[in-house]
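Here is a short report on one protein model and its ligand. Keep the structure open while reading.

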Amino acid sequence: MKLTLRKYQQDEDHWKIRAFLRDVFLANQRREMSWPLYRWDYWRWHVNENIFRFDLSAAIFMWETNEGRLAAVLNPDGPGEAFLQVHPEFRSSELEVEMISAAEIQFATTQSDGRQRLIVWAHENDPERQALLQRRGYTRGTWLPEHQRRRDLRDPIPDFQPAEGFTIRALGDVNEHPARSWVSWKAFHPDEPDEKYQGHDWYANVQRAPLYRRDLDLVAAAPNGEFAAFCTLWFDDVTRTAAFEPVGTHPDYQRKGLGKALMAEGLRRVRGLGATLCTVGSYSEAAGALYASLGFTAYDLCEAWVKEW
Ligand SMILES: CC(C)(COP(=O)(O)OP(=O)(O)OC[C@H]1O[C@@H](n2cnc3c(N)ncnc32)[C@H](O)[C@@H]1OP(=O)(O)O)[C@@H](O)C(=O)NCCC(=O)NCCS
């Protein structure tokens with residue numbers, strides 16, 4: 001089928017891609033062969049808006065049919081990375097070659113030795129893309145693969161409760177953004193000096209994501225009122241799928257069962273809203289062990305393939 005490539009142009013394209021990703025996710029039986037909707041929202045409003053700041057019209061490429069139906073989208077996560085979102089009805093090696101060629105031209109970064117480098121993510125159970133990447137000179141990189149974990153919400157949810165004196169609740173109003181932002185900084189930058197902390201303005205952007213709901217943005221408050229841990233859930237009622245992103249505990253409060261208790265509460269909340277499946281991505285051993293303790297034992301691996309030239 002003849003597909004036409006064009007650049008992302010305007011907000012309408014954002015909404016078109018959202019609908020497309022929902023379709024693709026359902027067409028793939030809710031396996032993450034392409035980004036689920038929450039990841040797109042989170043990238044658009046947090047990862048890109050707060051961190052990388054790609055110009056969307058220079059970073060997102062769309063392949064469409066003559067009738068304007070979206071068949072595939074190419075986008076980065078961070079610099080030097082490419083994600084191929086392809087509707088299974090339109091998959092062909094011709095399209096994938098076109099997408100990878102576009103990614104090499106648009107997304108490759110120049111290394112200190114002057115060489116170009118690109119990472120393309122591919123599923124462990126996607127032999128066609130792997131073979132294509134190999135033919136084009138890519139090798140499986142040393143980056144940790146993403147464990148795309150999932151659990152059925154009809155399975156029982158463990159009754160993990162927080163330690164005495166800790167309270168699990170939804171995040172409050174904007175006056176709690178500083179505390180929410182600080183606990184996130186401590187969880188994700190445990191070895192960095194606090195002088196590098198850049199404030200809490202970024203949190204308002206997270207809340208701009210269309211799927212964001214404050215009743216699914218959970219915190220664990222310590223007896224002294226400080227936030228000790230957090231997890232945010234995203235619920236897509238069209239696919240009836242929920243996801244955790246991110247999850248974290250302040251280093252002073254780790255291994256006290258707060259991650260488990262928060263996530264169990266999150267699972268109960270999304271089940272109550274009608275979600276039938278919950279997913280969470282993990283890269284580290286600690287996160288994987290936490291998620292497995294909540295029943296996220298099934299997973300697919302998504303791997304980084306690298307080429308330098
Ligand atoms: C991963 C993380 C959220 C765990 O939070 P936590 O509140 O300490 O987790 P819990 O105390 O509820 O631990 C539950 C289970 O997870 C596993 N676990 C937690 N931390 C672990 C670690 N460092 N190493 C191995 N297993 C670990 C254990 O099985 C643990 O049960 P146990 O204590 O009975 O053995 C925390 O270490 C963290 O914030 N890390 C940095 C940020 C991060 O990686 N977030 C996840 C990716 S978005």
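**Ligand site**

This is a predicted model.

| Residue | Protein atom | Ligand atom | Distance |
|---|---|---|---|
| Thr249 | backbone N or O | oxygen | 2.8 Å |
| Gly257 | polar backbone atom | oxygen | 2.8 Å |
| Leu290 | polar backbone atom | oxygen | 3.3 Å |

How much of the ligand does the protein bury? Taken alone, the ligand exposes 900 Å². The protein buries 73% of that area.

**Helix pair H1 and H2**

Two packed helices are described by the angle between their axes and the distance between the axes. Helix H1 spans residues 11-27, and helix H2 spans residues 37-52. They pack at an angle of about 155 degrees. Their axes are 9 Å apart. Angles over 145 degrees count as roughly antiparallel, so H1 and H2 are roughly antiparallel to each other.

On the H1 side, the contact is made by Asp11, His14, Ile17, Arg18, Leu21 and Arg22. H2 contributes Leu37, Trp40, Asp41, Arg44 and Trp45. The residues of this contact divide into 5 nonpolar, 1 polar and 5 charged.

**Two backbone features**

Most residues other than glycine have a negative phi, and most peptide bonds are trans. Two places in this model depart from that.

Where is Arg30? Arg30 sits in the loop between H1 and H2. Its phi is positive, about 60 degrees, although Arg30 is not a glycine.

The other place is the bond joining Glu245 and Pro246, which is a cis peptide bond. Its omega is about -5 degrees.

Key. Residues are numbered from 1 along each chain as its sequence is written. This is a predicted model: local features need pLDDT of at least 70, side-chain atom pairs count only at pLDDT 80 or more; totals for chains, interfaces and linings use all residues. Side-chain values use heavy atoms; hydrogens and water are left out. Axes are lines fitted to C-alpha atoms, for helices over the stretch in contact, and angles run from 0 to 180 degrees between N-to-C directions. Helices (H or I, at least four residues) and strands (E, at least two) are DSSP runs, numbered from the N terminus. Angles under 35 degrees count as roughly parallel, over 145 as roughly antiparallel, 65 to 115 as roughly perpendicular and the rest as oblique. Contact means heavy atoms within 4.5 Å. Ala, Val, Leu, Ile, Met, Phe, Trp, Tyr, Cys and Pro count as nonpolar, Asp, Glu, Lys and Arg as charged, and the others, Gly among them, as polar. A polar contact is a pair of N or O atoms within 3.5 Å; within protein, one must be able to donate a hydrogen and the other to accept it, and residues adjacent in sequence count only if both atoms are side-chain atoms. Accessible areas come from the Shrake-Rupley method with a 1.4 Å probe; for residues, only the protein chains shown count as cover.
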